[in-house]
Amino acid sequence: MSGSRLALGSGRSAAVSGIWPPPWRWMLRGSDTAWAIAFVVPYVAVFAAFVIYPIGFGLWMGRDPALYGLLFSDPLYLTTAINTLLFVAIGVNVQMFLAFLLSGFFLSRSWWVRSLLAIYLVPWALPGLVAFTSIHFMLVTQWGLLDSLWRAVTGGDGPLFLVSAWIAMAANIVSYIWKWMPFWTLVFLAARMAIPRDIHEAADIDGATGYRRLVHVTFPLLANVYLISTLLSTIWTLGDFTTVYFVSSGAPAKLTEVLATYGFHEAFDFGYPNLGVAAMLSALPVLIPLVLLLMRRVRVTGVQL
Amino acid sequence: MNAARYRRRRRLVTAGKVGLGVGLLVWTLLPVYNMLLMALDDDADEFTGSIWPPDPNLDSFWSVWTEDYWLMKHFWHQFGNSIILGLATMVLTVLIGSLTSFSLGRMRLRRGWIVSDLALLTYLLPTALLAIPFVHIMHRYGLSDSLWAVIAAEVTFATPYAILILHQYGRLIPMELDEAAKIDGASPFQVYRLVYIPLMAPALVAVGVYALILTWNEYLYQYLLLSSTDHMTVAVMINQFFDSDEAPWNYMMAIAIIYSLPPVAIYFGLRRYMVAGLASGGVKG
């Protein structure tokens with residue numbers, strides 16, 4: 001809110017505009033405050049009932065240190081933790097980098113690129129369950145679409161994708177990228193379009209074109225968006241359940257589970273909800289610094305999502 | 001000489017772009033094509049092993065339409081449940097989000113930043129982390145196997161984003177409008193209803209669509225919170241096919257395609273608003 005706008009509203013506030021804390025209080029008197037509070041009550045109620053209470057309850061469920069001893073002694077948990085790390089680290093970074101590059105491609109205003117963008121964004125609108133089930137069927141058995149394509153091209157039988165833990169893990173990561181890269185491409189595209197034209201013109205005059213412009217002009221301008229998007233995506237991916245549950249379903253032999261699916265199975269298939277919660281909570285040492293870093297970045301740069 | 005080289009370079013760039021475009025098209029549509037391939041086949045439990053549907057027909061769609069299989073006896077009822085869930089989430093998210101952002105952004109509630117900071121915190125929690133305690137709490141609230149439990153979950157996860165987007169968009173609307181309405185004797189609720197809501201319409205549409213797509217996309221909470229055939233949504237029902245011995249995958253894929261139509265149609269219909277909403281409220285550096 002600019003000072004001039006406040007000045008139009010009230011002479012008093014103009015004198016102190018631009019000083020922190022902002023001089024807004026004059027607006028709220030008596031019954032207005034009551035109204036303002038009444039307007040936030042619904043959200044505060046939702047927050048208390050469905051965020052604070054579950055978080056508190058979850059911490060209470062996972063309070064017993066013995067649970068973590070039990071967890072760490074499970075060899076499957078270690079595999080799961082490593083899988084989660086790979087899934088998040090590779091999935092998020094490859095996705096972000098490709099999305100960044102592709103956003104440059106989609107800047108083009110020609111008709112076919114714009115129509116392609118519309119189609120390219122379909123995975124984002126497609127329900128995850130549906131898309132990942134379809135991908136699962138492309139991979140499972142030797143009669144899936146990918147094996148059929150393989151046979152059509154090479155003549156021989158294709159690999160059994162979900163029998164090798166590495167291929168199954170790669171399938172999870174690739175499917176994750178397939179689903180979410182469009183969204184981040186759109187975010188970068190919006191950010192790129194917000195770059196003032198004269199900056200690129202100035203770079204042109206200075207002879208920075210092609211990849212030099214990308215590295216020295218565009219990327220520094222988008223660095224903050226890139227960082228915030230990467231942090232956010234990392235946090236979301238840590239809790240991603242749908243991809244692994246439907247694409248590989250942990251196959252082969254539960255070697256491709258991630259924390260979200262591991263916790264789910266512990267809690268609902270084996271009937272140890274506390275262990276499931278403990279598995280999820282074991283991600284907190286990674287999660288909390290990320291969240292704090294993100295909140296700080298958002299606060300410092302005034303960026304909001 | 002130089003001109004010729006320039007032209008060749010240009011042609012090369014165009015060829016590269018077209019190649020990339022075709023690659024992206026195949027990449028994007030391959031899983032979608034696989035859905036069609038499986039749904040158009042009338043052989044229920046066999047994979048065809050071919051890349052074209054050998055005998056394409058719409059039998060499986062017809063079977064879904066007439067609910068002609070025991071797993072999908074209640075398909076349209078469950079489709080209705082999905083729609084109720086999506087619409088309720090949409091309405092509640094827009095309502096709660098707009099009230100909150102009006103109070104924080106337009107009425108400048110004192111210490112309102114606490115609320116928006118906390119909201120951001122929800123947004124940052126992985127949803128799977130909350131799922132297990134959430135289910136227990138819903139049992140305590142007496143909401144097991146109830147659509148309301150799922151609606152509560154979806155609203156919880158959609159509202160923070162809604163508040164932030166609306167807050168951002170609200171900055172574009174001059175404060176003088178609110179003040180003028182107040183001087184004319186409007187109560188805060190009248191300002192909200194008659195000034196704020198109409199001017200915020202584009203952002204409200206974007207937020208509503210976001211909530212709807214989020215709900216359509218979400219599976220875990222629907223699966224955990226809904227168990228009876230009567231209250232089940234399509235997402236939960238699709239997964240039941242995996243537990244069945246007969247495995248009529250063509251029906252399953254036909255259902256999957258029908259289930260995908262609403263979000264994809266909304267996406268194509270309202271694409272402009274959603275992109276604008278993202279651009280105005282999205283990440284800016």
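User: Is Pro65(A) buried or exposed?
Analyst: Pro65(A) is found in helix H4 (residues 65-72) of chain A, where helices (H or I, at least four residues) and strands (E, at least two) are DSSP runs numbered from the N terminus. A residue is buried if 20 or more other C-beta atoms, placed from the backbone, lie within 10 Å of its own, exposed if 12 or fewer, and partly exposed in between. Pro65(A) has 9 other C-beta atoms within 10 Å, so Pro65(A) is exposed.

User: On what kind of model do these values rest, and how are residues and chains labelled?
Analyst: Residues are numbered from 1 along each chain as its sequence is written, while chains are lettered from A and ligands numbered from 1 in the order in which they are written. Local features need pLDDT of at least 70 and side-chain atom pairs count only at pLDDT 80 or more, whereas totals for chains, interfaces and linings use all residues, and the model is predicted.

User: How many helices does chain A have, and what percentage of its residues count as buried?
Analyst: The secondary structure of chain A holds zero strands and comes to 16 helices. Of the 305 residues of chain A, the part that counts as buried is 42%.

User: Where is the kink in H10(A)?
Analyst: Helix H10 (residues 165-193) of chain A has 29 residues, which at 1.5 Å a residue should span 42 Å, and its end C-alpha atoms agree with this at 41 Å apart; the expected span is 1.5 Å times one less than the number of residues. H10(A) is largely enclosed by the rest of the structure, because 21 of its 29 residues are buried. The bend at a residue is the angle between axes fitted to the seven residues ending there and the seven starting there. In H10(A) a kink of about 40° comes shortly before the proline Pro182(A), at Trp180(A).

User: Which residue marks the kink in H6(B)?
Analyst: Helix H6 (residues 147-170) of chain B reaches 32 Å from its first C-alpha to its last, close to the 34 Å expected for its 24 residues. Since 21 of these 24 residues are buried, H6(B) is largely enclosed by the rest of the structure. Shortly before the proline Pro160(B), a kink of about 35° lies at Ala158(B).

User: Which helix gives the most to the side of chain B that touches chain A?
Analyst: Two residues are in contact if their C-beta atoms, placed from the backbone, lie within 7 Å. The contact takes 84 residues from chain A and 74 residues from chain B. On the side of chain B that touches chain A, ten residues come from the helix that gives the most, H1 (residues 2-39) of chain B.

User: At what angle do H3(A) and H5(B) pack?
Analyst: Axes are lines fitted to C-alpha atoms, for helices over the stretch in contact, and angles run from 0 to 180 degrees between N-to-C directions. Helix H3 (residues 31-61) of chain A and helix H5 (residues 127-140) of chain B have axes 8 Å apart and pack at an angle of about 105°.

User: What is the phi of Lys254(A)?
Analyst: Most residues other than glycine have a negative phi. Lys254(A) is found in the loop between H13 and H14 of chain A, and is partly exposed, with 17 other C-beta atoms within 10 Å. Although Lys254(A) is not a glycine, its phi is positive, at about 60°.
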